[in-house]
Amino acid sequence: MKSILELFAQDEIQVNSRGYQYSNECLKTYEMLEELEKKINEKLGDEQKELFNKYNSIISDLNNIIRTDEFIYGYQLGTLMMIDVYSVFNSPAFDKLKKSDIMENTKLKNKNS
């Protein structure tokens, strides 16, 4: 069974999508790749084209696996950083402050906003 992060990474669960603007560098590199693939295909026979297409399919599958793993890793890393940020409430330095004063100041700021 896939984890929630895997489902998000593979677009099986979707939050409102946003458009993505590729950089000029990315677009130029993609154009070079397309041109190279076109030149390779022109030089291949039918059997070699079939092998090349299988190769490209496996590379695509591998890229999807890597992208999913990197998404999950990044999300987990971000979560660990958030845990660290919120762990300040359990630190000895925080104990020296009056927690009730901080919470009261926070309530006052929220009321004044």
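**Entry 1: salt bridges**

I began with Glu 12, which forms a salt bridge with Lys 2, the closest N and O atoms being 2.5 Å apart. I noted that this pair links distant parts of the chain, since Glu 12 sits in the loop between α1 (4-9) and α2 while Lys 2 lies in the segment before α1, 10 residues apart. The model I am reading is a predicted one, and I keep that in mind for every distance below. For accessibility I found Glu 12 partly exposed, with a relative accessible area of 46%, and Lys 2 also partly exposed, at 39%.

I then searched the whole structure and found two salt bridges. Besides the pair already described, I recorded Lys 54 and Glu 50, whose side chains meet at 3.7 Å, N to O. These two residues are four apart in helix α3, and therefore about one helical turn separates them. Lys 54 is partly exposed, with a relative accessible area of 47%, and Glu 50, at 48%, counts as partly exposed too.

**Entry 2: aromatic pairs**

I looked next for aromatic pairs, of which the structure holds two. Phe 52 and Tyr 55 are three residues apart in helix α3, so they are separated by about one helical turn. Is Phe 52 buried or exposed? I have it as buried, because its relative accessible area of 17% falls under the 20% cut-off.

**Entry 3: the largest pocket**

I returned to Phe 52 when listing the lining of the largest pocket, which consists of Tyr 30, Leu 33, Glu 34, Leu 36, Glu 37, Ile 40, Phe 52 and Asn 56. The elements that give two or more residues to this lining are α2 (24-43) and α3 (46-86), and the largest share, six residues, comes from α2. Sorting the lining by class, I counted five nonpolar, one polar and two charged residues. For the volume of this pocket I wrote down about 280 Å³.

**Entry 4: confidence**

Finally I checked the confidence of the prediction, and found a mean pLDDT of 82 for the protein chain, with 74% of its residues reaching 70 or more. Where is confidence lowest, and where is it highest? It is lowest in helix α5 (residues 99-112), at a mean of 57, and highest in α2, at 95.

Terms used. Residues numbered from 1 in each chain as written. Predicted model: local features only at pLDDT ≥ 70, side-chain atom pairs only at ≥ 80, totals over all residues. Heavy atoms only, no water. 1 Å grid on protein atoms, 1.4 Å probe; cavity = no way out; pocket = protein on both sides within 12 Å on 5 of 7 lines; lining within 4 Å. Points joined across faces, edges and corners; volume = space filled by probe spheres on them. Nonpolar A, V, L, I, M, F, W, Y, C, P; charged D, E, K, R; others polar. pLDDT = per-residue confidence, 0-100. Phe/Tyr/Trp six-rings, centres within 6.5 Å; stacked < 30°, edge-to-face > 60°. Buried < 20%, exposed > 50% of the residue type's maximum accessible area, 1.4 Å probe, protein only. Salt bridge = Lys/Arg side-chain N within 4 Å of Asp/Glu carboxyl O.
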